[in-house]
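Please open the structure in your viewer and keep the selection tool at hand.

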Amino acid sequence: MHIFAAMSYLSYIIWNASPEIFGIGTFSLRWYGLLFASGFLISQQILYYVYRKEGKNEKDIDVLTVYMVIATILGARLGHVFFYEPDKYLADPIKILKIWEGGLASHGAAIAILLAIWIYSKYNFVKGKFIKTIKPGQNFFQVVDRIVIVVALTGALIRMGNFFNSEIIGLPSSKGQGVVFAHVLTDFLKADEQNIASVSYAQTGEDPSEIGTVPLKILIDFYPDNNKTEADYQHYVDTRVFNLLANNPYVREHFHQSGFLTYDLAQNEDGSYSAIIRTYGVARHPAQLYEAISCVILFLILFAVWWKKQLHTPQGLLLGIFLIVCFGMRFVFEFLKENQVAFEDSMQYNMGQLLSIPLVLLGIYFTFRALTKKET
């Protein structure tokens with residue numbers, strides 16, 4: 001194999017994994033939901049360990065987990081509603097409740113979590129009422145410093161869920177290196193033609209043709225259908241598949257000006273047909289993975305700082321580090337990501353970056369405060 005062809009195989013991957021793990025009737029278990037829930041379950045076990053090491057009541061973690069789950073879901077949802085698409089949701093408020101349709105913002109979650117921890121540290125919820133109380137060893141900074149350790153890990157798992165969903169994608173890479181998010185096209189094809197049994201993809205070994213564009217093959221297997229002829233399948237590929245490729249931002253036919261696709265159509269032994277289409281995919285930055293990896297590194301840093309000092313960790317230090325690193329990296333990664341909503345296209349810095357700036361500044365303040373404040 002030519003050395004440049006071999007390099008092209010190593011430079012990008014084709015991502016066609018289904019967001020669903022399995023489905024039974026109308027119910028389906030999705031990777032995003034599993035990873036989201038796993039984040040809280042794993043975080044709870046880590047917090048149990050932290051509280052045991054510090055001699056605190058582990059039962060408080062159960063209450064904290066409830067606060068965290070509610071704050072994360074409500075904050076992330078309302079953050080997306082008001083920061084990104086207020087007109088859409090205020091025109092039809094019932095859509096705010098349809099979280100399963102997507103639309104969560106990490107900045108909203110961060111604000112809500114800070115508020116929830118403040119409430120937790122100041123009050124007990126007893127018989128439907130919030131009663132002001134003092135919790136030894138659990139003031140706002142003592143609690144939030146432990147919480148941000150596991151929030152970083154949960155953030156990594158949520159971004160992995162975004163990767164499985166093929167959402168929050170990056171811009172096309174400069175040299176055809178990255179990920180081709182092909183499952184979006186797979187969904188379009190299967191929804192459009194019920195006779196399609198499977199859709200798969202493969203690299204061709206050819207060099208990228210232009211920035212972010214890589215050659216690939218699409219294999220479409222049709223179910224046997226005695227009512228359809230070879231001409232019917234040719235017509236479907238020449239028209240519907242052609243149009244989908246010409247207008248799809250992930251896998252597309254760049255040379256559709258010629259008016260036809262390059263493909264082979266063959267009949268299988270069972271009478272079914274298969275089409276192999278030669279086209280192009282758009283290799284993009286896997287921005288979700290960049291953020292996931294940075295969150296794992298942040299988790300390790302925070303845990304290491306806590307491990308060294310534990311009860312004597314300067315109050316607010318871990319919160320400050322978390323805000324600086326998490327949202328500082330978020331600001332940087334936004335340069336490699338597609339804008340989430342149309343109005344961001346006219347902005348020098350998108351909404352995610354603008355919302356990150358005050359959180360980074362707040363992190364600098366908390367870190368400086370923690371390192372300069374004398375222990376009492």
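Helices (H or I, at least four residues) and strands (E, at least two) are DSSP runs, numbered from the N terminus. Buried means under 20% relative accessible area, exposed over 50%, and partly exposed in between (1.4 Å probe, protein chains only). The model is a predicted one, in which local features need pLDDT of at least 70 and side-chain atom pairs count only at pLDDT 80 or more, while totals for chains, interfaces and linings use all residues. Residues are numbered from 1 along each chain as its sequence is written, and side-chain values use heavy atoms, with hydrogens and water left out.

**Along H10**

Within H10, colour the buried residues, among them Leu317, Leu319, Phe322, Phe327, Arg330 and Phe333. H10 has 17 residues and reaches 24 Å from its first C-alpha to its last, close to the 24 Å expected at 1.5 Å a residue; the expected span of a helix is 1.5 Å times one less than its number of residues.

**A network of charges**

Next, select Arg330 and Glu334. Their side chains meet in a salt bridge (2.6 Å, N to O), a term for a side-chain nitrogen of Lys or Arg within 4 Å of a carboxyl oxygen of Asp or Glu. Arg330 counts as buried because its relative accessible area is 5%, and Glu334 counts as buried because its relative accessibility is 6%. To complete the view, include Arg159 and Glu291: a network of salt bridges links Arg159, Glu291, Arg330, Glu334 and Lys337.

For another pair, go to Glu58 and Arg52, joined by a salt bridge with the closest N and O atoms 3.3 Å apart. Glu58 counts as partly exposed because its relative accessibility is 29%, and Arg52 counts as partly exposed because its relative accessibility is 47%. In the whole structure, a search finds nine salt bridges.

**The nonpolar cores**

Which residues have the most contacts inside the largest nonpolar core? They are Ile117, Val144, Ile147, Leu302, Leu319 and Phe322, in a core of 47 residues. A nonpolar core is a set of buried Ala, Val, Leu, Ile, Met, Phe, Trp, Tyr and Cys residues joined through side-chain atoms within 4.5 Å. The elements that give two or more residues to this core are helices H2 (31-53), H3 (59-83), H5 (106-122), H6 (140-164), H9 (287-309), H10 (317-333) and H11. H6 gives the most to this core, with 12 residues. Apart from this core lies another, of 29 residues, among them Tyr12, Leu189, Leu216 and Tyr233.

Return to Ile117 and show its neighbours: not counting residues up to four places away in sequence, Ile117 touches Met68, Phe140, Val143, Val144 and Ile147. Contact here means heavy atoms within 4.5 Å. Ile117 is one of the buried residues of H5, which also include His107, Ala112, Leu114 and Tyr120. These buried residues pack against H3, strand E4 (123-126), H6, H10 and H11.

Then select Tyr123, in strand E4. Tyr123 is partly exposed because its relative accessible area is 22%. Tyr123 and Thr133 are 10 residues apart in sequence and 5.2 Å apart in space, C-alpha to C-alpha. Not counting residues up to four places away in sequence, Tyr123 touches Tyr67, Trp118, Phe130, Ile131, Lys132, Thr133 and Lys135.

Switch to a surface view and select Ile324, Phe335, Tyr349, Leu354, Ile357, Leu361 and Ile364, which make a nonpolar surface patch of about 600 Å². Patches are made of residues with over 30% relative accessible area and no salt bridge: like charges are joined within 9 Å, nonpolar side chains (Val, Leu, Ile, Met, Phe, Trp, Tyr) within 5 Å. Accessible areas come from the Shrake-Rupley method with a 1.4 Å probe; for residues, only the protein chains shown count as cover. Helix H11 (residues 351-372) gives the most to the patch, with four residues. Leu354, found in H11, is partly exposed because its relative accessible area is 37%.

**The whole protein**

Finally, zoom out. The secondary structure comes to 11 helices and 11 strands, and the C-alpha trace spans about 80 × 45 × 40 Å along its principal axes. Of the 376 residues, 46% are buried.
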